[in-house]
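Hi,

Here is the structure I said I would pass on. Have a look at it first, and then read on for what turned up.

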Amino acid sequence: MANIKVMDSHLANMIAAGEVIERPSSVIKELVENSIDAGAKHIEVRVYEAGRKKIVVKDDGCGMDREDSTLAFKRHASSKLLSERQLFRIKTMGFRGEALPSIASVSKVTMTTSTGVGVGTKVVIENEEMSVEDYSSRKGTIFTIEELFYNTPVRLKFLKTDVTENANSLEVMQRLAMSRCDVAFDFYIDERHVFSTSGRGDLLEVISRIYNNETAKKMMKVSYEDLDFSIEGYIGKPELAKSNRYYMITILNERNVYIPKVQRAIIDAYGDFIFNSKYPFVVLKIRVEHSLVDVNVHPSKREIRLSNEDRITDAINVMIKDTLLDRKPLTAGPSYIKEEPLKAPISPKIEEKISFLLDDEEVLSDVSITRPSIAYKNEVKPVQVELPSLDEEVITPIKEEVKIEENKNVSFKKPLLIPIGQIHNTYIICQGEDGMYLIDQHAANERINYEKFDKELNSSIKVVEPLVPYMINLSTSDVMKLTEERLNLLSKIGLEVELFGSNTLKVRKMPLFIKELDEGSYIEELLNQVILKDKVDLSSLRKHVISTMACKASIKAHDKLSLREMEDLINTLFECNNPTCCPHGRPTIIHFSKYDIEKMFKRSGI
């Protein structure tokens, strides 16, 4: 008797659903993508009880006639991919013809659709049984998905809490809205209107509607164009940095995708503009010839293959780095009146706030203030930049015409800062033309020393031979990882070691500057970097060396400075390429605008 048998279609569809339909957000993604492919200009999505009870997706697309509406639920039936040649130039969001039969196999589906000509069609599918009847319907399609995973209790059991599932659905809708700014979206959770977009094709407006107006104001426009690809979008100021990668959004040919090399290039471009445990807020749209992209890699189509990936990542890295260095965005102090975000408070990762910690308990208990007697000049050639200028009012989540204009002639100018004292002998208080500035004296001096040492060490590093041989014991596995290539990297930053016995390293030479440090801890830290990291490069090692030198040589917190020393520190800081952040990504300066200060003291209208 044969042991191998052909599965029936119902079982095959349920297995396929396990790949395509993982959770309620997967249903939303597949149905909305179908609506986009149908040419819809307005899509409304409603989710009830986190999608377990019901999901409704309504569009004004081309709709289907009676024949197409029944064929659509057949496995591998599609109007989007009809030849092998088209497989290598996929321009639609969907193409496999698996979504609808997979959804129908694990839920109860009702679809009403019409092409706008003649009578419409209603299709109801439950337990693989399909009923079709005439139905009065406007042009477009409405999908109602009920009791998701009702016939697969194991899958239903492993769904997360309502908060988590709603958060995932919201994320999918946000990414789709940013991917297709030319389509108007409305998203509801349990009858609560979460967000809407206008469909006018303005990415900055979509960002402001999804997040809030204040966030959109802190985005900077970037663009790059090549013969084979183009890049445009918005990058957040360093103060918008987040604790996770959720806000690093890359859209390739109007499809939200995950490209590890691109994410790495974005993080590297921000470099020391943000703290090393933070991630930037970036929305980038990349357009590439469709034949150079393979989207048929992953069941969810989230990951792709890209033929000219290295050129694109290099362009992104340079574009972002140049923009940040040109504009040198200052960190703004916390606004007294905050705008509420335009999204449902359903997930900690989505409700992450932009904040800066201030010492509230020790308010001005240790302030030394002296009237300055010296003013100095600031002569800096302004750099032309593009910064978004948004309306002051909060954009409400309804379909109103909200116009967002970009000011394309804003230029960076070194602020005229007059130091007037210190707080706790750590933060320098300065008066500026537009409000108050707080400068972290250690972070500022660290930035100055970092750029100074960077220039000096680019030519050579002074090394010394220890009078007493320095030995380090390592495990056998660690010794095996110290390849000749990695040892050469260490020698280029002044640390020369050789194997002394089976598991012992002998330090032959070390950088001169570590004599001022805990040399044992520093050497072991450098060894750990080349041993534990899978990929090690000279630039990261060099940066670590220079950052350590700069930190040790800088003014410390609680060091009392005279007004002349404060003045010199500020002047020297603004001669740096990146005066706004220390080498570790902490802000050197925080700006409190005059408007915010007046609001705090309720002096509006003055």
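First, a term: a charge sits over a ring if NZ of Lys or CZ of Arg is within 6 Å of the ring centre and within 35 degrees of the ring normal. Lys242 does this with Tyr247, lying over its face at 4.9 Å from the ring centre. Lys108 lies over the face of Tyr150, at 5.1 Å from the ring centre.

A note on the source: this is a predicted model, where local features need pLDDT of at least 70, side-chain atom pairs count only at pLDDT 80 or more, and totals for chains, interfaces and linings use all residues. Residues are numbered from 1 along each chain as its sequence is written, and side-chain values use heavy atoms, with hydrogens and water left out.

Now the rings. There are seven aromatic pairs in the structure (rings of Phe, Tyr and Trp, the last by its six-membered ring, with centres within 6.5 Å; planes under 30 degrees apart are stacked, over 60 edge-to-face, the rest tilted). Tyr211 and Tyr247 have ring centres 5.7 Å apart and planes at 50°, so this pair is tilted. Tyr211 is in the loop between helix H8 (203-210) and helix H9 (213-217), and Tyr247, 36 residues away, is in the loop between strand S10 (229-236) and strand S11 (248-252) (helices are DSSP runs of H or I, at least four residues, and strands of E, at least two, numbered from the N terminus).

Tyr211 also pairs with Phe281: the centres are 5.1 Å apart and the planes at 80°, so that one is edge-to-face. Ring pairs join Tyr211, Tyr246, Tyr247 and Phe281 into a cluster.

Cheers
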